[in-house]
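I opened the model today and kept notes as I went. Entries follow in the order I looked things up.

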Amino acid sequence: MPHEITISKEDYLKAIIEAESEGETVIPALLAQWLKVSPPAVTKAVKRLREDGFIEANRHGALQLTAKGRETAHRTALRHHLIERMLSEVFGMEWHQIHAEAERLEHAVSPAFEAKLIEKLGENCDCPHGNRVLPETPAQTRRRGLIPLSEATEGADYAVASLYERDARLLEFLHQLGIGPKVGLRVLQRNYDDTVLVTTPHGDVTLGIAATGKIWVRPKQASEPRRRKINNRG
């Protein structure tokens, strides 16, 4: 990567594609909130990113990535993805711990190391949270046959397929409840207040919309009826 790419710039550019995937209008105030930095710091960073050709602003003031900025954001997202998979698949690190670790390590990956990771892991598999390399919009996730748990049918069985990984507290909360990737859930009851009662391997638990809206599940297919063996006697 060129010398002009710094950790701070990578963080801003990746934050923009993540915000876009969630349908957010990317303005400086949103970046300050997402990156937990002060408004003056964001103003300075945005000015520099525009001067360097990574972003531009539309007539409404929303920030958009240029082709150069999007390429850099995609590369950072790929490195984050590869680091998560390395921590999980090679080192056996727990799925609820790896996002924050990958956030730190993604900036230290050289092109040579990135190539080795791709050679060993491939680059098309989902991460340990069930997510693709690039952030997906809800519409893209639905096209994979997934629905948020908040929309699951009462009495039906599901498997957890994808989790929102930017919220460390959510991941820890779900881990403590025994809810994680590939875990089976049964929706026992949908309540008037948008809470959902589900059965997990650790027991029954009631979840609010803050959690169920960020847990994507796949309906479990009913088992095919066992065919009766017919003996032909001649």
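Predicted model: local features only at pLDDT ≥ 70, side-chain atom pairs only at ≥ 80, totals over all residues.

**Entry: Thr200**

I looked up Thr200 against that cut-off. Its relative accessible area is 8%, so Thr200 is buried. I placed Thr200 in strand β6, which covers residues 196-200.

Next I asked which residues Thr200 touches, leaving out those up to four places away in sequence. I found Leu177, Ile179, Gly184, Leu185 and Val205.

I followed up on Leu177. Leu177 and Thr200 are 23 residues apart along the chain, and I read 7.8 Å between their C-alpha atoms. I then checked the side chain of Thr200. One of its polar atoms lies 3.5 Å from the backbone oxygen of Leu177.

**Entry: Lys9**

I turned to Lys9, in helix α1, residues 7-21. Is Lys9 buried or exposed? Its relative accessibility is 8%, so Lys9 counts as buried. I looked for a partner for its side chain. The side chain of Asp52 makes a polar contact of 2.5 Å with that of Lys9.

**Entry: α4 and α5**

I then took up a helix pair. Two packed helices are described by the angle between their axes and the distance between the axes. I noted both for α4, residues 67-90, and α5, residues 98-105. The angle is about 130°, and the axes are 9 Å apart. I logged the crossing of α4 and α5 as right-handed.

I listed the residues that make the contact. From α4 I have His80, Ile83, Glu84, Leu87 and Ser88. From α5 I have Ile98, His99, Glu101, Ala102, Glu103 and Leu105. How do the residues of this contact divide by type? I count five nonpolar, three polar and three charged.

**Entry: the whole chain**

I have nine helices and eight strands. The chain has 234 residues, and buried ones make up 41% of them. Along the principal axes, the C-alpha atoms fill a box of roughly 85 × 45 × 30 Å.

Note on methods: Residues numbered from 1 in each chain as written. Heavy atoms only, no water. Axes fitted to C-alpha atoms, helices over the stretch in contact; angles between N-to-C directions. Helix = DSSP H or I, 4+ residues; strand = E, 2+ residues; numbered from the N terminus. Left-handed = near helix turned anticlockwise from the far one by under 90°. Contact = heavy atoms within 4.5 Å. Nonpolar A, V, L, I, M, F, W, Y, C, P; charged D, E, K, R; others polar. Buried < 20%, exposed > 50% of the residue type's maximum accessible area, 1.4 Å probe, protein only. Polar contact = N/O pair within 3.5 Å; in protein donor to acceptor, adjacent residues only side chain to side chain.
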